[in-house]
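Grab a pencil and try each task before you read its solution.

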Amino acid sequence: MSRKYLLLQNGGAVPMSDVPLLSGEEFLTEIVSGVDEGWRVVSYFGAREGAALKLYCLLSYKSEAALGVMSTLLTAPSFPSLVASVPQLHLFEREIGEQYGVSFEGHPWFKPVRFQHRLGNAPGADPEKPATIGVTDFYRVEGEEIHEVAVGPVHAGIIEPGHFRFQCFGEEVLHLEISLGYQHRGVESMTVGGPVGKTLKQMEAVAGDTTIGHTLAYAMNVEALSGARVPARAHAIRGIALELERLANHTGDLGAIAGDVGYLPTASFCGRIRGDFLNLSAEICGSRFGRGLVVPGGVNFDLESERVERIGSRLTAAGDDLANAVGLLWDTPSVMARLEGTGVVSEQTALDLGLVGPAARASGLNRDIRRDHPFGIYALSQLPVETARTGDVYARTLIRWLECEKSLEFIKEQLAQLPGADIRNPVGEAGANMLAVSLTEGWRGEICHVALTDGEGKFSRYKITDPSFHNWTGLAMALRDGQISDFPLCNKSFNLSYCGFDL
Amino acid sequence: MIKAILARIKQGHRTMRYPKEPLPLPDRLRGFPELNRPSCPPNCRLCADACPVGAIDCSAGLSVDLGKCLFCPDCVDACPHGGIKYTNDARLAANRREDLVVKGGEERRLAQALDAKMLKLFGRSLKFRSVVAGGCNGCEADTNVLATVGWDIGRFGLQFVASPRHADALWVTGPVTANMREALLLTYEAIPAPKLVIACGACAINGGPFIGSPEHNDGLGDLLPVDLYIPGCPPHPLTILDGLLRLLDRIDK
């Protein structure tokens, strides 16, 4: 393993001048051979550098907890696409194309990602053409008995907007295309020149159900850039909050999956138990979604001993109720019959697409940032990583439950041994001309934040990769050759973020 | 089957009693702010400067715009004089945008009931069509929770429905992104008149944490006539339920 990447650790910062600048050809070769060796692309993005555009690629090598970064300078508005040999790049290339007007030659599916305005122009790029949301060259299957089903952006429930096109032969889905961008709020553009007061609030709402996951990655970046240290107690409280977030969302998903197969007892119990976990987050910081808890340098709220006790006993009660509610699923043959074999994503497909989180683990990929690139409390306190083999809705359901069990134990353990007294250290100015990388394992999977600073220590580019960015294509593949009536169930089993993707 | 029945007995009846009985809320919940203007030194604007979204105005007395407020702890942390304190009172919804601006010592201006004609139409059955227009899934999650057994808004005749044709009101979350603007307006048009509009959460009211981004409308603004503003980032489910019950004249205190 002698790659030309600059190696760094999760939550690390390096001077931008140390990041290897490779020729276009070397850069591409390094991606391809790195991926062949077992590296995985966690982020690939552009940033303006004077009149030119610099591409950064960030890869992870889990068995050595290493992150590698390298860059190349584009002087023309086109670059070769690697999608044919490295499929996990497919959306990253489209994203760079949309954000900077670069065309990736040979990309089989070069379409808009979010129908957003450009962040800048690559040298020589054609002027930006206004894109109209949802107007693109949708893939079509032709044939006498083929029909197309178009759904969204406005869906039937209280759900974020997105557009889904199914190519069907009778009930069978030959292909599903997912076209997003409706939620685009311009988060990345708003971070430029920061951090300012509202940057942290925007991070809390990148994906509002993953407040802790995203604010943690953001705080780690600010801490890395300024050299701030976080008190041990704050690390533990952050870990507790991250696992509570996982518990609340997994519980909601377990209920929603039960609801979608028409099994109402678990659906209604879990709907209520999810609230019990959210209320525990509110017990810590006043907000059911963890707003206001994580700040660069530590956390805003301490857990005094009565509060620890109160949270502990309510957690145990909610955990018992959850075990009882979820246990019904495994004992009910009609539920199992609907979950097993539905929406299969093979291990190879998951690997090729670079899936992350529970969806990846359900297909047999053993990856979890908490173990592979441990951060904060997870460097001291490990959680076992659960995987399944079948890659179907059942596996994605089972993984959620197993992760709930582990999170419950983890929180109890942390509550019993909260260290130290300080919860927040002061944070100085961010270093100038630096690059910082932070990854966390949110409940949907890997969250990656990369910060680049200018000569004054302000963000010149802030790149966020939500786990949903990796996983939406997994949902499309889960539907392939399945029944269109299985879509809601498959969708719930992934439960991906629209705004996290659309930013 | 027997296991499901036993589980049903174990899980018990868990629907909260609000509004018949108050709902206990966490002590740290940041709800209605208590302003203590007399404690402010002259020309002090520490809280206003600390507010990330410009919700606090110190120019003429001290006021907090709950429509912009994210209910974060920044102003309280910045003020050494005790000028602002959050209470855990989650009743916040109002009918008019200006009613969301809180000044110290003023009477609360909580949402008022609809007029008699509208109450006759909607008082016992009000159906919503939700449109998420850039919401982060925080408001959406805590709106969804109202349909769970814990809150069970069905008991008040309230329900979220799948089609705008079946709806009486449009439920808006998110800052109204450019990419959702058309879908939002089309959905509004598709709801039969007379109809209501509810702006749920800081984003829908005034852009929330994303205030000032050119990629959206900073909330509903003048785009549609709003009948109920529900502040919060996201609003606590009780803030939502309380606002709705006031609108339908089910709570009068």
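**Exercise 1.** What is the handedness of the crossing of helix 13 of chain A and helix 15 of chain A?

*Solution.* 
- Start with the angle: helix 13 (residues 393-416) and helix 15 (residues 487-494) of chain A pack at about 30°, their axes 9 Å apart. Axes are lines fitted to C-alpha atoms over the stretch in contact, and angles run from 0 to 180 degrees between N-to-C directions.
- Angles under 35 degrees count as roughly parallel, over 145 as roughly antiparallel, 65 to 115 as roughly perpendicular and the rest as oblique. Helix 13 and helix 15 of chain A are therefore roughly parallel.
- The crossing of these two helices of chain A is left-handed (the near helix is turned anticlockwise from the far one by less than a right angle).

The model is predicted: local features need pLDDT of at least 70, side-chain atom pairs count only at 80 or more, and totals for chains, interfaces and linings use all residues. Residues are numbered from 1 along each chain as its sequence is written, with chains lettered from A and ligands numbered from 1 in the order written.

**Exercise 2.** Which residues in helix 13 of chain A meet helix 15 of chain A?

*Solution.* 
- From helix 13 of chain A, take V393(A), R396(A) and T397(A).
- Across from them in helix 15 of chain A sit L489(A), C490(A) and S493(A). Contact here puts C-beta atoms, placed from the backbone, within 7 Å.

**Exercise 3.** How do helix 4 and helix 5 of chain A pack?

*Solution.* 
- Helix 4 (residues 197-204) and helix 5 (residues 211-226) of chain A pack at about 140°, with axes 7 Å apart.
- That makes helix 4 of chain A oblique to helix 5 of chain A.

Technical notes:
Helix = DSSP H or I, 4+ residues; strand = E, 2+ residues; numbered from the N terminus. Contact = placed C-beta atoms within 7 Å.
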